[in-house]
Amino acid sequence: MNRFLITVAVVVLPLFSLLANESNATIEEQAELIDLSSVSICKAPSASIENPTLISYFSGLLSTENWPARWTCGDWSSVEGWMYISADLSIFLAYLSIPIILLWYIRNRDIGKGRKLVTLFAAFILLCGFTHLIDVVLFWEPVYRLSGFLKLLTGVVSLGTATVLGFVIPKALEYKSPQELQAEIDERKKLQGQFETFVKYSPGATAMLDSEMRFVLANDGYHKAYGIEGVAIIGKTMLEVFPELKGSEWLERFNQVLKGKHLSKELDSYESNGRTEYFRWKLEPWYAEDSNIGGFIIFTEILTKEVNQEEKLRESERRFTNIFNEAQFAIALVGDGGVPFLVNNQFVRLLGYTEEELTRMSFEEFTHPDDVKKDKDKYLALIANKIDSYTIDKRYITKSGEIKYVKLNVTMVDEGTDNKYAMALVEDLTEAEVAKIMNADMDRMMAEVSAVANIGSWEVDVKASKCFWSDTVYRIHEEDPNKEIALEAGINYFHPDHRDIISKAVEEGITNQKPWDLELKIVTAKGNEKWTRAIGRAVYENGEVSKLQGLFQDIDKKKRYELEIEQSNKGLEEEVNDRTIALEKANEELEAFSYSVSHDLRAPLRAINGYSEALMEDFASKIPDDANQYLSRITANSQKMGALIDDLLEFSRMNRKKVNYKSVDLNQLVNRIVDDLYAESRKNITINELPEITGDKEMLAQVFSNLISNAIKYSSKEEKPEICISFVEEATSYVLSIQDNGVGFNMEYYDKLFKVFQRLHSESEFEGTGVGLSLCAKIMKAHNGEIWADSIKGEGATFYLRFKKHN
């Protein structure tokens, strides 16, 4: 072993210093540098040497007893020997540097399975180098066993490397060139720009995440809606931005969408800073180029304001309903024609009819015949705005035939829109005790209504110059209820901007006997501004005004709510205008993109196709068969790319096309399509009598052409292809069907059928771009129609089209 180490040391001595020593030393003199008495001389193998076993072979792998050193075997000159040694040593150093460089460059790079291939290749190169190093060692140390084993190991590793390369090289040849990769990158940048524009200007809160739930894009609405304005979220995961989602059902929803599901909910809620926020959401997967799901897009819209407003309205309705139904006197709300549309429980008990029966009857039907005219005349005057209210004594006839004596109080209710109705309060006068109870209930009810509705009464005695306010009016003005209000002081509570309005209304009421009903702002005794409703009229006695009386209501919350809605509507209009401008800009960019696709892509495709065909025509005999096949593939793929561009352009144009409705004879249209485009398949197509519909002839021709083409294509492998086109008539529509006996498809993947670029069959089975059916769906939607399909795999497919009879 020591001799082996000495030999290695000798090998690495500087080459030029050894060659410089050009003395006339003989091989024997060179050999004297080592102990030749301890080694064998070059001789024939001895018959007495036994063949070693496998175990003894490897245990004596460094044995040198049976062989001489290479210096002592043959007639080596120093120049010949050192030239041989130098050559092997140089090759070893070169072989050694290659794996070192390879392993150095890949040490921190993620090359996947390629790391194993590089390691195997490095081992192969390194072993080749050591076979040359061992040849150098043999000049001094005859380790021929080690040399043979090392060469065997090198051969095994070499065969393994060659085998692996046999599988890897064909795949490596399929890799795209730098020019192709750059073109693909440029195209992706264009599409990414278009998509980023879509996300940026999409309504509501929109964000795009990848399959690892990392944010890829998010619009301003998303940042604003979830209080993350100014936070950089791109590249972060959902849990990094919203750690509170950990362990929630949202993670399960995200995982479901990443498996291809489409999820949405019209109303959902979450807790934020101690309050409940409401929103609607939708989750949609998006697909990468390899047709695998690349991530998902989340659309949300905050609805908290709308939900709270609806809840306030519902609460008001519940409060009114409780008061209305729990009242101890009869109440009915009467609409057009004198028919009640809402009655309370006491009104039902009073007359004995059910609520459903009463809301289908005119009040004349349960009024005593002698009292009908009296009540009807007053009612007609009320709805004609000749009077504000009326009170009469009358008789009702119950369902059992009993006569009920009642006092009827009717008031017109005007909600400020076209919705006007009368409110009837009915007091049962059958017994005195009942009358007292009803009066007490009436007072309680009016007090409750006054308190709930913030309505009070007021009166001015013109002759006595005195003013009377109810407690509610004092409360509205935030004034001391014991304070006496002077005749002219009431006007001074109105806001300076509104004093002239109320003054003119009172003056006109006195002069022309015209009542007033105004919404005005007051300044209370405490200096607070409030919106109020002031209702009043002048009361005449002997042709002179004796009193002014009316109602006063606090409508501050309602008015401010209306003003807020009005302001919100204005803001919404401005937002709509801004988004319209943004949408127009996006459409302009889309037009520019379409032009770019049409102009910039078609020209190089035509050149590729033309030059490929020229090469095949002019140099077919000079080009190898493999090259001819490659050129054929280039031509076919360029033509396919051209078809895809045409389909994409047509798909994008469809969004901007308007349907030109005309009468279309489908018999003539479908037969012409088959005869012109599919004449060779005419014998396999049956066209039954078809209807005449209203639609855009050019668009419909595209629909039928695509569906007939698909039917021919997917039934082409059948021994006897059969295609049938027919229709059935429904009450308001026609349903057409295109049926074939081809390969069909699995209904499990039906949701992908009418989506762009989604195909249910591979390219090797059937050609296609994946745009045709999505274009058909868009055209049918533009016609207010429907398209759907039904199929059993291996038994054909049927596509249905529904057209309305009158579009």
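Good morning. I begin with strand 6 and strand 7 (residues 340-343), which run antiparallel and are joined by 3 bridges. Two strands count as paired if DSSP finds at least two bridges between them. Strands here are DSSP runs of E with at least two residues, and helices are runs of H or I with at least four, numbered from the N terminus.

The model is predicted, so local features need pLDDT of at least 70 and side-chain atom pairs count only at pLDDT 80 or more, while totals for chains, interfaces and linings use all residues. Residues are numbered from 1 along each chain as its sequence is written, and side-chain values use heavy atoms, with hydrogens and water left out.

Let me stay with strand 6. Leu 333 stands opposite Leu 342 in strand 7. The hairpin of these two strands has 5 residues between the strands, and Gly 337 takes a positive phi near 80° there. Strand 6 is also joined to strand 10 (residues 420-428) by 5 bridges, again in the antiparallel sense. Within strand 10, Val 426 is the bridge partner of Ala 330.

Why is strand 6 described as largely enclosed by the rest of the structure? The reason is that 5 of the 5 residues of strand 6 (residues 330-334) are buried. Buried means under 20% relative accessible area, exposed means over 50%, and partly exposed lies in between, with a 1.4 Å probe and protein chains only. Ala 330, Ala 332 and Val 334 cover one side, Ile 331 and Leu 333 the other, and all are buried.

Strand 5 (residues 293-302) is joined to strand 1 (residues 205-210) by 6 bridges, and the two run antiparallel. Strand 4 (residues 275-287) pairs with strand 5 over 9 bridges, also antiparallel. Phe 299 of strand 5 stands opposite Thr 206, and Lys 282 stands opposite Phe 299 as well. In the hairpin of strand 4 and strand 5, with 5 residues between the strands, Ser 291 takes a positive phi near 70°.

Next, the aromatic rings. A pair of aromatic rings is described by the distance of the centres and the angle of the planes. Rings of Phe, Tyr and Trp (its six-membered ring) pair if their centres lie within 6.5 Å; planes under 30 degrees apart count as stacked, over 60 as edge-to-face and the rest as tilted. How many aromatic pairs does the structure hold? The structure holds 31 aromatic pairs. One of them joins Phe 347 and Tyr 396, edge-to-face, at 6.3 Å centre to centre and 70° between the planes. This pair links distant parts of the chain, for Phe 347 is in helix 13 (residues 345-351) and Tyr 396 in strand 8 (residues 389-397), 49 residues apart. Both Phe 347 and Tyr 396 are buried. Another edge-to-face pair is formed by Phe 494 and Phe 552, with 6.2 Å centre to centre and 75° between the planes.

Finally, two individual residues. Leu 736, in strand 20 (residues 733-740), counts as buried, because its relative accessibility is 0%. The C-alpha atoms of Leu 736 and Phe 803 are separated by 8.2 Å, although these residues are 67 residues apart along the chain. Thank you.
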